[in-house]
Amino acid sequence: MSFRGLRDADPLDTSVLVLQDRHRSHLVDTEQFQEVLHPRQQMRAFLGMWRMDPRIRPYVIRAGFYGIYRLGHVIIDWPLITSLVERWRPETHTFHLPVREMTITLQDVAILLGLRIDGPAVTGTSVLDVAGLCVELLGVIPPDEALRGAAISIRWLCQQLSTPAPDVDDVALQRSARGFILALMGSFLFADKKGVHVHLCFLSLLRDFTHTASYSWGGAVLAHTYRELCRASLDRRRGISGCITLIQLWSWERLHVGRPDFRRQAAYPAPPFPHAVRDDDADIVDGDVAEGVADVLPVQQGVQAEGEPEPALPLGCRWRVPLTRVHNPSGVLLLYRDQLDAQTLDQVRWQPYIGELVDQLPDICLASQDMWRTMSPLVCFEVVEWHRPKRVLRQFGMHQEIPPACSYEQQLHRVDGRGRHQRDWSLYHAPYIALWETRAGRIITTPPMVGLMDFHDPYM
């Protein structure tokens, strides 16, 4: 597609971008689309309600979610998220920019969030015995008012499981840890449009923490993030949910637009120690864009056992930095649009994860690096979205050729968790899960990229 900027957003060739008449960019000059998207993430609220008991910390580490907890709440720049959504294309799962296509890949998820990408798909059944499952794995039966179908209230989980008694046994501590991880998923990784419930299908994967850590949680988070980007980019949507922090961290690592001044924070890998939540550390949509310090994990003494080292943290933790107070989000949105429209090749960090920056990352961040370039479907229960690194090979230091045509599988977007669907998703999506299981056979490789791509290159 020849890029002409959002002021002239319609593509010259609609054979690939078939959804332009529904796409947000089609209406970007109307008054309605001068407003920023509304937030659908509740990480700050969750961390304010649940101070992690040090006794459940080993279970959270074993399950593979401690890095997410330490990342905490990052202040969201909603004009930045909005300007990126306007450039997201559901047909290709990429951002369409003046420098051509870029996207969030499994590499970004692994390095920024520290989640495993190479493992069994996150899938299973949504046909659940809610009471039985909760008694077995949480030790409590939720009342009807704490449930929305097979989704459970995050606030109720916090009220019931956040403060285990001093003399409880390991079984009770494991139940508390499951509740913590489940609430972390619902408020951050897989947040829905309200961010106050989490589906209990995830609980069924938390029986054994070692087995839990083997799943491709990174693939599941990326599938969910792709789906939410696709939804937000179409049909006059006013909000976006999912792992919005991932979108912002990806942008800060690779693009110059809206990036915080890194000189104002301590050097990585020693991020500021968690401090108490402040009233002014909130996401702001219709008022200020962002204010205060981004790390709002509650103060906790004795989280680490004596002599036990703090686990290495994912790279995303280095972005817990102050953001500038801005009084006009709509004006900032217009600024970001203009800056992205004027973007040049030398303003992009094509390979930000190199050198000393990644030397001290946990092993999970750099594991299975070949899988970063797999052309495979990503699976998260009802959600299936294609991972297409072949369209963004410059992000892997490889020469970018003209990508092949990709078909937009509209039927996949019609399948979601809304409503009261009762299905075994491992059977419903069996063909896509089988493709994921053979992901190692679809690793994309091309010659290395030498310098910046010439403007006259056939791809450009």
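The following legends describe close-up views of a predicted model.

Local features in this predicted model need pLDDT of at least 70 and side-chain atom pairs count only at pLDDT 80 or more, whereas totals for chains, interfaces and linings use all residues. Residues are numbered from 1 along each chain as its sequence is written, and side-chain values use heavy atoms, with hydrogens and water left out.

**View 1. Overall content of the chain.** The chain holds 17 helices and eight strands, taken as DSSP runs numbered from the N terminus (helices: H or I, at least four residues; strands: E, at least two). Of its 460 residues, 58% are buried, where buried means under 20% relative accessible area with a 1.4 Å probe and protein chains only. Contact denotes heavy atoms within 4.5 Å; among contacts between residues at least 6 apart in sequence, 80% join residues at least 24 apart.

**View 2. The crossing of helices H5 and H10.** Helix H5 (residues 106-113) and helix H10 (residues 217-232) have axes that come within 9 Å and cross at roughly 115°. Axes are lines fitted to C-alpha atoms, for helices over the stretch in contact, with angles running from 0 to 180 degrees between N-to-C directions. On the H5 side, Leu-106, Val-109 and Leu-113 meet Gly-218, Gly-219, Val-221 and Leu-222 of H10. By class, this contact of H5 with H10 comprises five nonpolar, two polar and no charged residues; Ala, Val, Leu, Ile, Met, Phe, Trp, Tyr, Cys and Pro count as nonpolar, Asp, Glu, Lys and Arg as charged, and the others, Gly among them, as polar.

**View 3. The open sheet S1-S2-S3.** Three strands form this open sheet with antiparallel pairing; two strands pair if DSSP finds at least two bridges between them. Strand S1 (88-89) and strand S3 (100-102) are at the edges with a single partner strand each, so one side of each is left without a neighbour in the sheet. Strand S2 (residues 94-97) is joined to S3 by three bridges in the antiparallel sense, and Leu-97 has Arg-100 in S3 as its bridge partner.

View 4. S4 and strand S5 (residues 151-153) run antiparallel and are joined by two bridges, with Leu-147 opposite Ile-152 in S5.

Methods. Buried means under 20% relative accessible area, exposed over 50%, partly exposed in between (1.4 Å probe, protein chains only).
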